Amino acid sequence: MSIETTNQVATQNGQSPNGQQSMSLSTVAARNLATTTKTPPQMQGISSRWLLKILPWVKVSGGTYRVNRRLSYAVGDGRISFDQTGADVRVIPAELGELPALRGFDDSELFNALAAQFTQREIAAGETIVAAGQPVDELFLITHGRVNRIGTGKYDDPLILGVLADGEYFGDQALTEAGATWTFTATAVTATTVLALPRDAFVTLAEQSASLQAHLDAFRARAALPQNRRGEADIALASGHEGEPGLPGTFVDYEISPREYQLSVVQTVLRVHTRVADLYNDPMDQAEQQKRLAVEALRERQEHELINNRDFGLLHNAAYDQRIQARTGPPTPDDLDELLSRRRNTQYLLAHPRTIAAFGRECNRLGLYPDRVDIGGDRVFAWRGVPFLTSNKIPISGDQTSSILAMRVGEDNEGVVGLQQVGIAEEYVTGVSVRFMGINEKAIISYLVTSYHSVAVLVPDALGMLENVQIARQGAMPLS
C-alpha cells in the first residue's frame, strides 16, 4: 500500500497520519454531511460563433427565400477541376463548361475531344509564360501553382495586376477573338503546372460543330449588349445636356430565373431516462441541462453549415471575381487592403484564429499595430477599422492554407443575410424547437431538437474571399 493510501485510511479511521488519535472530525468524514457546490455541465466545444451574432436574420415564410436581381449579361467565371494520375494531369471534360465562352453549352463528345487537345507544361518559378503584346494564341489552365499578372505603369514600371492560382485560367479570349494580343505578362511565382490549348485546335473543332458555332455567336452577341461594369443590363440615361434634346427611353430588366434558397435543417433526437429525470433532478433539472447542451452543439453545427455547406455555405458562394489570392503566401496588410477594396462598406472580416495569428505576425514584421474595436462589449482585433472576427469553422487544409472572408450584411445594404424560420411549435430559443416525442417501452424520454437555417448573398460583391493564405510559421533561418 502506498504512503498516500495509508494516510487516507488513517484519516478515515480517526487517526492522524503519524498514528496519533485525531482530536476532531476529519474533513473526509465531514463531507458526507455537507452539500457540495457544483456547476452546471461545462462544454469545451462552445466557440465564439461570431457569424451567428453578426448576421441579420430574416424570417422565411414557406421555407423558400428568393433573391431577385437585375438582369446580368456577364457570364460568371468558374473554377476548373482536374484529374491527376501521378505527375500527369488532365482537365475533366465537363469542367470546360466553366469557361465563359462555353458556359451553358452541353456536348460531352465535343468536350472530350477538346480536353484531349490540352498539353501539359511545367513552368519554373520566375519563368515567363506569356508576354504582353504577343498574340493570344493559347488558353492556359493553371492546375497547380501561382502566377502573377504583370502590367506596365505610366512610366514603364512593372505593376502586379493580380495573382492566379489552382483552377483559374487566362487567355480565354483565344476561343472567341481572332487577333487579340496579351495585355499583361504572366510570370510563374512558384513552380507551376499548366494545361495549354492552342487556338487553332479549338477553331478546328468549332468548325466541325454547328451547335458550338451557334453558341459562340450568341455569346458574342450577348457580350456586345450595353452593360455596366458589373455586367448588368445598362439603364440608358442622359446628363449634361442643354436645350430640349430627345431623352433616351429605358427600363430595368430582371433575371428571369432568380436563385431560391431552401431552408436547411439540423436535427437530433435527445434521450433522457425517466429514472434520471425523477431521482437526480435536484438541484439541477437534468432534462433542461441536456436540452441546453444539445442546443449549444446544434448552434455549432449550424455555423459550420453556414460556412462550409456546398450548396449555400459562404466559402462556396463567394463569386469567383470576388476571390483573390495571397501574393506571397501569408496574409499581409497589402492582401487585406486589396480584399477590402473589392466592395463598398465591408463590415466584417472572418477567419480562423490561426489565420489571424499569421496576419499578426506579418504586422509585427512590418512594425504595424492594428486597431481594436468594440463589438457588443468585446474588444476585437480590426484592420482599417473593420472587425477581424474569429471562426474555427473555416477549415485549414493539409498544406496549412486557409481563407479570409470579407462581407457586408443586411437586406437594406444588399449584403449577406441569415435565413431562419421562427415561431415554430415548441420553440426553445429563437429558431430552435425542442419537441417532446414521448416515452418508449424502456422508460426513455425523447425530444426532437430542430433548427431550420440558410444564408443568402444578395449581390455578388457583398462577399469576398482571400484564398490560399499560408498560416504555418516559417522555419527559423539558419545562423550564418
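Trainee: Which element supplies the largest share of the lining of the second largest pocket?
Mentor: That is β25, which gives four residues to the lining. Before we go on, note that this is a predicted model, in which local features need pLDDT of at least 70 and side-chain atom pairs count only at pLDDT 80 or more, while totals for chains, interfaces and linings use all residues. Residues are numbered from 1 along each chain as its sequence is written, and side-chain values use heavy atoms, with hydrogens and water left out.

Trainee: What makes a space a pocket, and what makes a residue part of its lining?
Mentor: On a 1 Å grid over the protein atoms alone, a pocket is an open set of points with protein on both sides within 12 Å along at least five of seven lines, and lining residues have an atom within 4 Å of a point. By that rule 33 residues line the second largest pocket, and Arg 79, Asp 166, Thr 401, Glu 467 and Asn 468 lie nearest its centre. The space in this pocket comes to about 1000 Å³, a volume being the space filled by probe spheres set on the grid points, which are joined across faces, edges and corners. At least two lining residues come from each of β7 (138-144), α9 (314-317), β20 (401-407) and β25 (463-470), where helices (H or I, at least four residues) and strands (E, at least two) are DSSP runs numbered from the N terminus.

Trainee: Why is Asn 317 called buried?
Mentor: Buried means under 20% relative accessible area, exposed means over 50%, and partly exposed is in between (1.4 Å probe, protein chains only). Asn 317 has 17% relative accessibility, so the residue counts as buried. Asn 317 belongs to helix α9, and its C-alpha atom is separated by 8.8 Å from that of Ala 456, 139 residues apart along the chain.

Trainee: How do you know which residues line one face of helix α10?
Mentor: In α10 (residues 333-340) the buried residues are Pro 333, Asp 335, Leu 336, Leu 339 and Leu 340. Seen down the axis, these buried residues fall within an arc of 160°, so they line one face of the helix; the arc is that of the directions from the helix axis to the C-beta atoms.

Trainee: What makes Glu 260 and Arg 66 a salt bridge?
Mentor: A salt bridge is a side-chain nitrogen of Lys or Arg within 4 Å of a carboxyl oxygen of Asp or Glu, and in this pair the closest N and O atoms are 2.5 Å apart. The pair links distant parts of the chain, with Glu 260 in strand β13 (residues 259-262) and Arg 66 in strand β2 (residues 64-67), 194 residues apart. Glu 260 is partly exposed, at a relative accessible area of 36%.

Trainee: What does the pair of Arg 121 and Glu 138 tie together?
Mentor: Their side chains meet in a salt bridge (2.4 Å, N to O). Arg 121 lies in strand β5 (residues 119-123) and Glu 138 in strand β7, so the pair ties together parts that are 17 residues apart in sequence. With 32% relative accessibility Arg 121 counts as partly exposed, whereas Glu 138, at 13%, counts as buried.

Trainee: How many salt bridges does this rule give?
Mentor: The count comes to 17 salt bridges.

Notes: 1 Å grid on protein atoms, 1.4 Å probe; cavity = no way out; pocket = protein on both sides within 12 Å on 5 of 7 lines; lining within 4 Å.
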